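Biologist: I'd like to learn how to read a model like this one, feature by feature. Could you take me through it?

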Amino acid sequence: MSQPDPLRRCIVQLSRLPGVGERTAARYAYWLLRQPPAVAEELGQAILTLSASMTRCSVCCDVAAQDPCRRCADPDRDDGLICVVERPQDITAIERSGEFRGRFHVLDGAISPMEGVGPDQLTVRQLLARLSGGAREVLVATDPDVEGDATALYLARLIKPLGLRVTRLAHGIAVGTELEYADRSSVARALEHRREL
Amino acid sequence: MRLRGLTVTDWRNAARAEVDADARLVVLHGENAQGKTNLLEAVWLLATLRSFREGRASRLIREGAAEARITGELLGQDGPRRLEWRRQPDSRELRIDGQLIHQLGPWFAQLRAVLFCPEHTQIVRGDPEARRAFLDRAAFTARPAHLELVTDYGRVLKQKAALLRERRADPDQLATWDAELVRLGAKLAVRRQQVLDELEGPFAEAHGAIVGAGPAPRLELRGVGAAARDEAEVAGRFAELLARAAPEERRRAQPLCGPHRDDLLLHLEGRDARRFASQGQARALVLALKLAEVEAARRRGQRPLFLLDDLTSELDRGRMERLVRRLDTLPGQVWITTTDPAWLGPLPGEDTALVRVSGGVATRGPAPSRPSGGPLVYEPTSA
């Protein structure tokens with residue numbers, strides 16, 4: 001057997017990242033080769049620490065460095081409002097707006113029987129368990145696709161009978177997009193969810 | 001609307017072909033297997049991004065080539081535009097006037113087309129699926145957003161089917177998928193009925209124009225979407241039907257009702273054309289349906305292209321002549337492929353492009369001329 005080639009190994013491992021093809025992986029590997037060793041060391045450490053020290057928050061099911069996570073531990077957030085998202089990254093999107101001061105819940109996907117994903121594969125039970133703690137409203141921010149819509153409807157079906165308000169994140173024309181340039185399905189959604197003035 | 005020029009590169013088995021199509025009527029003629037239908041398919045693909053034949057990428061791209069390319073020079077109400085479609089083994093690129101586009105809305109807004117090919121007699125004589133596909137295709141041509149509705153409804157249906165196959169389907173989840181099915185299904189049914197209402201008059205009229213006087217054929221949608229003109233009413237009806245079918249659906253582990261089971265009935269002389277129409281009657285009915293689509297589009301202010309594949313032995317002489325006269329009155333450009341233009345009978349001499357296709361190469365010949373009162377004369381074209 002020939003000697004394993006470290007460059008080749010690095011390229012192959014990098015190309016396993018989502019959205020990274022072999023050519024991009026090669027670019028990264030050659031770039032790393034040209035940097036001082038500290039750069040690769042820092043990157044390697046960051047990756048190692050990630051899998052070793054990240055855990056899941058037992059309250060909101062987000063990935064976190066501590067349990068409960070810093071958002072769940074924050075006393076200034078509104079316990080009455082829980083925003084449900086499909087993925088941890090979606091939290092960042094909502095946080096960036098600076099408009100939301102409630103709590104979060106990460107579902108870990110959306111209901112899709114075709115892929116064998118039902119409520120038991122998601123964190124639905126954990127969500128329901130949280131609701132007795134003073135929640136008034138659940139804002140469902142799942143994706144605006146067939147599975148995301150069905151998941152929202154399913155949650156509403158379970159949660160509404162508990163006397164809580166269930167809302168859905170509005171979808172429609174992007175802010176900054178002029179109506180004439182908006183795509184068809186965004187306009188259709190916006191029309192469907194138009195509101196009273 | 002007119003497609004003035006069509007260029008295909010490494011498309012199917014053609015290395016390169018250019019069609020000068022600046023005419024109201026474009027007749028692609030030549031022996032079989034010379035590439036006529038490939039060119040018509042290229043036009044259809046520009047309009048719909050779908051093939052009407054084998055659509056696998058490996059078959060679209062000429063063997064040994066890296067990508068297939070189709071370019072159309074369009075002349076519409078907004079002036080000239082250039083549509084470009086490129087297909088690599090696992091990706092696709094669309095450009096309008098050189099600008100890469102990512103959303104399909106603007107693309108579909110450029111070019112609409114209605115297609116007739118011999119296999120479409122299946123719409124009359126085949127399974128209900130062929131008739132639903134016809135209706136959905138017509139609804140898409142009218143309003144491209146219909147495509148998303150059909151896709152979403154189909155996806156919800158598949159999800160529900162998958163859930164029913166699970167050993168103990170969660171009733172709350174089943175109710176959720178049913179609610180989505182009802183919401184999308186009611187919309188789907190209403191849109192289909194709307195298209196049907198738009199087709200009805202033009203269909204009877206076009207049929208009369210082809211076959212001559214006689215009782216007008218009728219169209220009728222059967223199933224949960226029958227006479228669906230009010231979304232809330234259809235939704236109520238559909239939900240009731242689902243509730244009744246629920247035990248049977250669970251037992252058989254498959255969804256049993258919804259607009260995906262509806263059928264379009266064609267009545268001809270008081271009889272069910274699905275069962276009684278002859279091959280000739282079926283052809284005339286399908287041609288009338290397609291002509292009705294073009295006419296309905298005209299009433300909406302659209303001027304789609306009408307593409308007719310292999311118009312050779314479809315109709316007897318008298319009906320063919322009447323059809324060609326009818327084609328000359330349509331609002332948009334007409335493309336025909338045929339082995340022999342003589343089959344078509346007298347062609348309008350003005351604004352007609354006779355394009356000979358041989359070995360994948362297209363050559364436009366002189367327009368047909370007709371000495372006064374004499375037969376139509378085709379100038380021989382040398383490739």
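This is a predicted model: local features need pLDDT of at least 70, side-chain atom pairs count only at pLDDT 80 or more; totals for chains, interfaces and linings use all residues.

Biologist: Where is Ala110(A) in the chain, and is Ala110(A) buried or exposed?

Modeller: Ala110(A) sits in the loop between β4 (102-106) and α6 (124-130) of chain A. For burial, the cut-off is 20 or more other C-beta atoms within 10 Å. Ala110(A) has 21 of them, so it is buried.

Biologist: What should I look for in the backbone itself?

Modeller: Look for exceptions: most residues other than glycine have a negative phi, and most peptide bonds are trans. In chain A, the bond between Asp67(A) and Pro68(A) is cis, with omega about -5°. Pro68(A) belongs to the loop between β2 (63-64) and α4 (70-73) of chain A.

Biologist: How far apart are Pro68(A) and Ala110(A), in sequence and in space?

Modeller: They are 42 residues apart in sequence and 24 Å apart in space, C-alpha to C-alpha.

Biologist: And which residues of chain B have a positive phi without being glycine?

Modeller: Asp10(B) is one of them, with a phi of about 50°, and Arg12(B) is another, also at about 50°. Asp10(B) is placed in strand β1 (residues 2-11) of chain B, while Arg12(B) is in the loop between β1 and β2 (14-20) of chain B. Now apply the burial count again. Asp10(B) has 21 other C-beta atoms within 10 Å, so it is buried.

Biologist: Now sheets. How do I read one?

Modeller: The general idea is that strands of a sheet pair through backbone hydrogen bonds, either parallel or antiparallel. In chain B, three strands form an open sheet in the order β9-β10-β11, with antiparallel pairing. β9 (218-222) and β11 (271-272) of chain B are at the edges and have a single partner strand each, so one side of each is left without a neighbour in the sheet.

Biologist: How many bridges join β10 to β11 in chain B?

Modeller: Two bridges link β10 (residues 263-268) of chain B to β11(B), and the two strands run antiparallel.

Biologist: Let me zoom out. What does chain B look like overall?

Modeller: Chain B contains 11 helices and 15 strands. Its C-alpha trace spans about 75 × 55 × 35 Å along the principal axes. For 383 residues, a compact globule would have a radius of gyration near 21 Å, and the 23 Å of chain B agrees with that. Buried residues account for 44% of the 383 residues in chain B. Also, take the contacts in chain B between residues at least 6 apart in sequence: 70% of those join residues at least 24 apart.

Biologist: Which domains does chain B have?

Modeller: The assignment gives domain 1 (1-112 + 304-383) and domain 2 (120-301) in chain B. Domain 1 of chain B therefore comes in two sequence segments, 1-112 and 304-383, under the automatic or database assignment. The centres of these two domains, over C-alpha atoms, are 30 Å apart. Where they touch, 14 residues of domain 1 of chain B are in contact with 12 residues of domain 2 of chain B. On the domain 1 side, α3 (104-108) and α11 (317-327) of chain B each supply at least two residues, and α11(B) gives the largest share, four residues. That side divides into seven nonpolar, two polar and five charged residues.

Biologist: And chain A?

Modeller: Chain A is divided into domain 1 (6-53) and domain 2 (77-168), with 35 Å between their centres, taken over C-alpha atoms.

Biologist: Last one: how many residues of each chain meet at the contact between the chains?

Modeller: 20 residues of chain B are in contact with 17 residues of chain A. On the chain B side, α6 (146-165) and α7 (171-211) each supply at least two residues, and α6(B) gives the most, with eight. The chain B side splits into seven nonpolar, five polar and eight charged residues.

Conventions: Residues are numbered from 1 along each chain as its sequence is written. Chains are lettered from A and ligands numbered from 1 in the order in which they are written. Two residues are in contact if their C-beta atoms, placed from the backbone, lie within 7 Å. Ala, Val, Leu, Ile, Met, Phe, Trp, Tyr, Cys and Pro count as nonpolar, Asp, Glu, Lys and Arg as charged, and the others, Gly among them, as polar. Two strands pair if DSSP finds at least two bridges between them. The radius of gyration is taken over C-alpha atoms; the globule rule is 2.2 Å times the number of residues to the power 0.38. A residue is buried if 20 or more other C-beta atoms lie within 10 Å of its own, exposed if 12 or fewer, and partly exposed in between; C-beta atoms are placed from the backbone.
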